[in-house]
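Here's a quick tour for anyone meeting this structure for the first time. Take a look, then read on.

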Amino acid sequence: DFEKASVTKDEMGKLHVEDCGAVLQVNAKYYQAFSEKNIETMQQVWFWNDNTATCIHPSQKPLVGTAAVLESWKKMFQVKAGAFQKSWMEPHQIRLRMAGHE
């Protein structure tokens with residue numbers, strides 16, 4: 001049924017747009033948390049109890065698992081002096097590609 005397939009395609013396209021929007025919102029929240037050194041906001045962007053979450057800080061070994069990743073951010077955010085506390089990130093030219101959607 002061509003008409004039903006057309007409706008399904010349109011619905012899937014809307015879901016794709018919504019998924020992309022959700023990813024971009026979380027991405028913005030990550031950069032906000034980093035720039036503000038806010039651990040509560042950072043905790044909102046990582047999946048809890050996820051053993052596949054991975055983070056690689058410059059000059060460090062990879063951290064695997066949400067608990068390890070968030071503990072590293074917490075320690076970094078608690079340091080009151082140094083160059084890290086003055087650093088901030090602002091994304092530019094963001095490109096998003098989501099697999100699984102045609």
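Start with Ala33: setting aside neighbours within four places in sequence, Ala33 is in contact with Asn38, Thr41, Met42 and Phe77, where contact means heavy atoms within 4.5 Å. Keep in mind that this is a predicted model, where local features need pLDDT of at least 70, side-chain atom pairs count only at pLDDT 80 or more, and totals for chains, interfaces and linings use all residues. Numbering runs from 1 along each chain as its sequence is written, and side-chain values use heavy atoms, with hydrogens and water left out.

**The nonpolar core**

- Ala33 also belongs to the largest nonpolar core, a group of twelve residues that includes Met42, Trp46, Trp73 and Phe77.
- Such a core is a set of buried Ala, Val, Leu, Ile, Met, Phe, Trp, Tyr and Cys residues joined through side-chain atoms within 4.5 Å; buried means under 20% relative accessible area, exposed over 50%, and partly exposed in between, using a 1.4 Å probe and protein chains only.
- In this core, α3 (66–78) supplies the largest share, four residues.
- Helices here are DSSP runs of H or I with at least four residues, strands are runs of E with at least two, and both are numbered from the N terminus.

**Aromatic rings**

- The structure holds four aromatic pairs, meaning Phe, Tyr or Trp rings (for Trp, the six-membered one) with centres within 6.5 Å; planes under 30 degrees apart count as stacked, over 60 as edge-to-face and the rest as tilted.
- Tyr30 and Tyr31 make an edge-to-face pair, 5.2 Å centre to centre with 80° between the planes.
- Tyr30 also pairs edge-to-face with Trp73, at 6.0 Å centre to centre and 80° between the planes.
- Tyr30 is partly exposed at 21% relative accessible area, while Trp73 is buried at 3%.
- Ring pairs join Tyr30, Tyr31, Phe34, Trp73 and Phe77 into a cluster.

**Two positive phi angles**

- Most residues other than glycine have a negative phi.
- Lys37, not a glycine, has a positive phi of about 55°; Lys37 sits in the loop between α1 and α2 (39–44) and is buried, with a relative accessible area of 14%.
- Ser59, not a glycine either, has a positive phi of about 65°; Ser59 lies in the loop between β1 (54–55) and β2 (63–64) and is exposed at 77%.
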